[in-house]
Amino acid sequence: MRHFEMDKLQARGGSVGQSKHHESAIKQVCGKANYVDDFAEPAGCLHGYPVLAPVAAGFITSIDTKEAESLKGVIRIFSAKDVPGKIDIGPVFPGDILLTDHEIEYFHQPVLFVVADSYDTARTAARLVKINCEETEAVLDIHEAIAKQHWVRPPHSLQRGDAASAIKSAKHQISGELMVGGQEHFYLEGQVAMTQLNEDGGIFVQSSSQHPTEVQHLVAKILKKPFNFVTVEMRRMGGGFGGKETQAAPWACLAALATYYLESPVKVRLARADDFRLTGKRHPFYNHYTAGFDENGLIEGVHIEVNGNCGYSPDLSDAIVDRAMFHADNAYYYPAAKIVGNRCKLNTVSHTAFRGFGGPQGMIMPELIMDDIAAKLGQDPLTIRKANLYRPGRDVTPYHQKVEQHVLAGMIETLEKDAEYWERKEAIKAFNKTSPFVKKGLAMTPVKFGISFTVQHLNQAGALINVYSDGSIHLNHGGTEMGQGLNTKVAQIVAHAFGVDFETVGVTATRTDKVPNTSPTAASSGTDLNGMAALNAANTIKDRLIEFVASHFSVEAESVEFNDSKIIHAKGEMSFSELAELAYMNRISLSSTGYYATPKIHYDRAKAEGRPFFYFSHGVALSEVEIDILTGENTVTRADILHDVGNSLNPALDIGQIEGAFIQGMGWLTTEELQWKDSGELASSGPATYKIPAIGDTPTEFNVSLFDSANPETSVFRSKAVGEPPFMLGFSVWSAIRNAISSLADYKYAPDLNTPATPETVLNAVVVTKQWAADNLVSDLGSNSELDTNEEGSSHV
């Protein structure tokens, strides 16, 4: 396997490192990019829709389908009894039920599946089914679940050193808690699948899924068929963000079930409101901490507990809470630490993967701690953050992985200088003293995010490359394109390997009959895994061509170069297309599969130690905000970002991913509020009641730069993952809002600020902060005395 250094890339005239536009960009702008719902429906295509449970918890006593069945156009109504194989489609652990026929565990849980001759008829009929239930008490509050130890999976903990003793012996102790809100994926393309019989009697599935292999396996299992009975194809998604990693599978399974019995094509497409109700969110969390630190703000010990609201079933919650635990240090060294993670079972839809996969919910805790320490000591939060960074000699994580790359101190110093942190800080303090109703805040926060699936066997990928005799190249890999530019980057890698133009490489739909046993496109590993697999396939073909050229022209293999769509050797040159034709005529194989498995990673769960991550990605963000203390409204006026993507494969795509991730993270922390009714029904089930950031929420000044640093690990062309890490840069907005509110107490009090920091939440924090200032600060014409607190106490009210 070859590895190439970035400084050689441009000299070779290749595609890697260049800002190529997204391979579907023109099609998308022109409306020509097809998604599952755009495909022509086969003749006789039927439509299916689920029948939903009317309570959050209970047992079904009777079901009346007569009115629905009498509706013209209804073909059949399927129940759990019609499933030939497994009814449980849990992706890792059992508990995720395709259709329930007895116990109801969340409001709107699918009970039946109506199939009709049109979408409207199927949906109307589904509403006409009457389900009678014996309602039971639902667990809807995470504190109740914790008190009852109501878990979907057992707790897990990490420990290094004696945290309790370190905290107790430290000069200062502090504690705090935080409610962390969930988040709706709100992909533009909703959940959709279409199935039909192929000519051999098997099932062909088109699904908007991040994990075609899992869809294949689950469809086969519910039908009690071998995996090769099912073929899944996925060309592109209109967004996924983790919401289509596991939760695209039920709709494909239901459509396939109907196709199996009715021998007709069947399509399932959820209406947006039902998409909200029937799919899991980013896990809401309730976290708390206790920390001990010295007079300089240097942490000596921490105890952190993270509690994930998993909903009714395991889904991916075990790994999600694991990652929250792994990232409860973010970029900071804890000499002694105990981190506990609980997977709480509540009667809601099963929460699932979302960009960051639990990392954000854990990583927010150390940022809370840094701000709280700063307020306690009367220091600037950035000073405290810099003091606690991982560095040589202080570089072992709570899960015993050594941090080997130390770039954050330099990145912070660069942004600190370029964005004039200290000058702006002083200007904001002056502004706040003279502005009675609008307060400004400024915060800089770092990100250290581990890259790899924490489930080890998922860290593998395959690819298929065919070089045709005219020199054109066909590429297929196991990753899925959801708008992030994966296909573009992998095509660049292949084009670069062969030294040909980017346009020479055509990427086709992901299919389970071309590349089998694929992992989900998730964990920011799409390019790392599939790009390396494709590179290995290209190198296999390339080695054959080099050997052929050396033999055919009687030259040394070392003299053969691939560059600028030409093959150059000691006795001449020829075009790549000419070589492909010549190789074909001489019976040289021009097709190869490629495979890659991430090295070095391991984790011993029993010992709670290992190396779960191949490497870390880094970033730093500086955000400036304004808040109105009369209304709680807040605005991000400026954001400056420096992000580490290693050797960038495509700077334009990477910057786009950073910008989008930051805005999405900002939305999670400020505007996106999930609300459930007392009955357990989701209240925020559409854009009228759930606000994602719009273009008007984008900072007026938005500066993004890429940090120039090769990945020290042998990733593809020494690049780094970019999908998830910049999401956590949004913490700088949340910390800046806390900083603005803290100005009301002369920066000596760090306010409690649960997420999302909606205007109501901010206004409440303003009221509490002003009350704290009135109780604890002696004012004399605007000058405040030092904070009077108990050394052993908390800075929180």
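The questions and answers below look at some strands and helices of a predicted model.

In this predicted model, local features need pLDDT of at least 70 and side-chain atom pairs count only at pLDDT 80 or more, while totals for chains, interfaces and linings use all residues. Residues are numbered from 1 along each chain as its sequence is written, and side-chain values use heavy atoms, with hydrogens and water left out.

Reader: How do the axes of helix 15 and helix 16 cross?
Author: Helices are DSSP runs of H or I with at least four residues, and strands are runs of E with at least two, both numbered from the N terminus. Axes are lines fitted to C-alpha atoms, for helices over the stretch in contact, with angles from 0 to 180 degrees between N-to-C directions. The axes of helix 15 (residues 526-552) and helix 16 (residues 576-585) come within 11 Å and cross at roughly 80 degrees. Because angles of 65 to 115 degrees count as such, under 35 being roughly parallel, over 145 roughly antiparallel and the rest oblique, helix 15 is roughly perpendicular to helix 16.

Reader: Which residues of helix 16 meet helix 15?
Author: Contact means heavy atoms within 4.5 Å. From helix 15, L545, F548, V549 and H552 take part, and their partners in helix 16 are F576, L579, L582 and A583.

Reader: Which residue stands opposite S62?
Author: Two strands pair if DSSP finds at least two bridges between them. Strand 2 (residues 58-64) is joined to strand 6 (residues 130-135) by six bridges, and the two run antiparallel. In strand 6, the residue opposite S62 is N132.
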